[in-house]
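Here is a short note to read beside the model. Keep the sequence and the 3D view open, and find each residue as it comes up.

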Amino acid sequence: MMCKMIGLRHLDIRLGAVKEIPSQMGQLKGIQKLSNYIVGKQSGTRIAELRELSYIGGSVVIQGLQNVIDAKDASEVNLVGKPLLDELQLEWNCDSDVEQNGANIVLNDLQPHPNLKRLTIYRYGGSRFPDWFGVPSILNMVSLRLWDCNNVSAFPPLGQLPSLKHLFIVGLRGIERMGSEFYGTESEPSFVSLKALSFHYMPKWKEWLCLKGQDGEFPRLKELHLEGCPKLRGDLPTHLPFMERLVIESCQQLVARHPRAPAIRALTTGSYDISQWKELPLLL
């Protein structure tokens, strides 16, 4: 019946009990707004029907990506050919502690158009992030959220994304070290637009290597939130001229010098030991 609704322009199924997108969805070629696209267990190849929806814009959530049987079907979606999309959420709904066969290829083939502003990746079970995680593929990315991608052990060069303002990282349980690969190249400034940075629930993360450049790693950062990183040691970034809010919770082994943050207005600490600080940040 869905294929007969050829005049449909908006479809919102967020509040329904839909388990998978009906067949022949690709015939609704004029659709402009689609809240969710759910890949069913028995019909993983239906993800390819997204290829025909060239005019979808705004925000869309693609769920059930663990049901994509043949990774080449993901390449037929042609997200890179959908310039009207502003926000995209990609979801795997199975146990991300187990590496998912083909997940790397599926995510790599779901490269969005460079116009995309906001991206969320949820419970991705691959071992690495895709090749398009960088310039120029996501040049205009403003917000990036990575949730429960447990098998990834290294970050892509996110510091080279010139428009990125909000970076929210939760439950990347395979990360043990974060260094120069996170920033990109030491010859160019990193995170030039970033205003808010959050790390939550990263139980294996032990080391955060900071660059020693003149302008620091985060020249525009206003808010830094660290929570649930019990093994993290060493120093925080030291030069944060625009920092207004610093939150550190459940980071029991973190003993660091306070950052140079003359604009700071709010400091929240839980199990974080500030006894090693020689002085509190100015103007607190």
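1. Start with two terms. Helices (H or I, at least four residues) and strands (E, at least two) are DSSP runs, numbered from the N terminus. Two strands pair if DSSP finds at least two bridges between them.

2. A word on the source. This is a predicted model, in which local features need pLDDT of at least 70, side-chain atom pairs count only at pLDDT 80 or more, and totals for chains, interfaces and linings use all residues. Residues are numbered from 1 along each chain as its sequence is written, and side-chain values use heavy atoms, with hydrogens and water left out.

3. Now the strands. β5 (residues 85-91) pairs with β6 (residues 118-122) in the parallel sense, over five bridges. Look for Leu88, which stands opposite Leu119 in β6. Strand β6 is also joined to β7 (residues 143-147) by five bridges, and these two run parallel. There, Thr120 stands opposite Arg145 in β7.

4. Check the backbone at Arg123. This residue is found in the loop between β6 and β7. Its phi is positive, about 60 degrees, although Arg123 is not a glycine. Arg123 counts as partly exposed because its relative accessibility is 26%. Here buried means under 20% relative accessible area, exposed over 50%, and partly exposed in between (1.4 Å probe, protein chains only).

5. Ser250 also deserves a look. Its phi is near 55 degrees, a positive value in a residue other than glycine. Ser250 lies in the loop between β13 (245-249) and β14 (266-269). With 33% relative accessibility, Ser250 counts as partly exposed.

6. Which residues have the most contacts inside the largest nonpolar core? They are Phe199 and Trp208, in a core of 78 residues. A nonpolar core is a set of buried Ala, Val, Leu, Ile, Met, Phe, Trp, Tyr and Cys residues joined through side-chain atoms within 4.5 Å. In soluble globular proteins, nonpolar side chains tend to be buried together.

7. Stay with Trp208. Leaving out residues up to four places away in sequence, Trp208 touches a set of residues including Met178, Tyr183, Phe199, Leu232 and Asp235. Contact means heavy atoms within 4.5 Å.

8. Last, the cysteines. Cys229 counts as buried, at 0% relative accessibility. Cys210 counts as buried too, at 18%.
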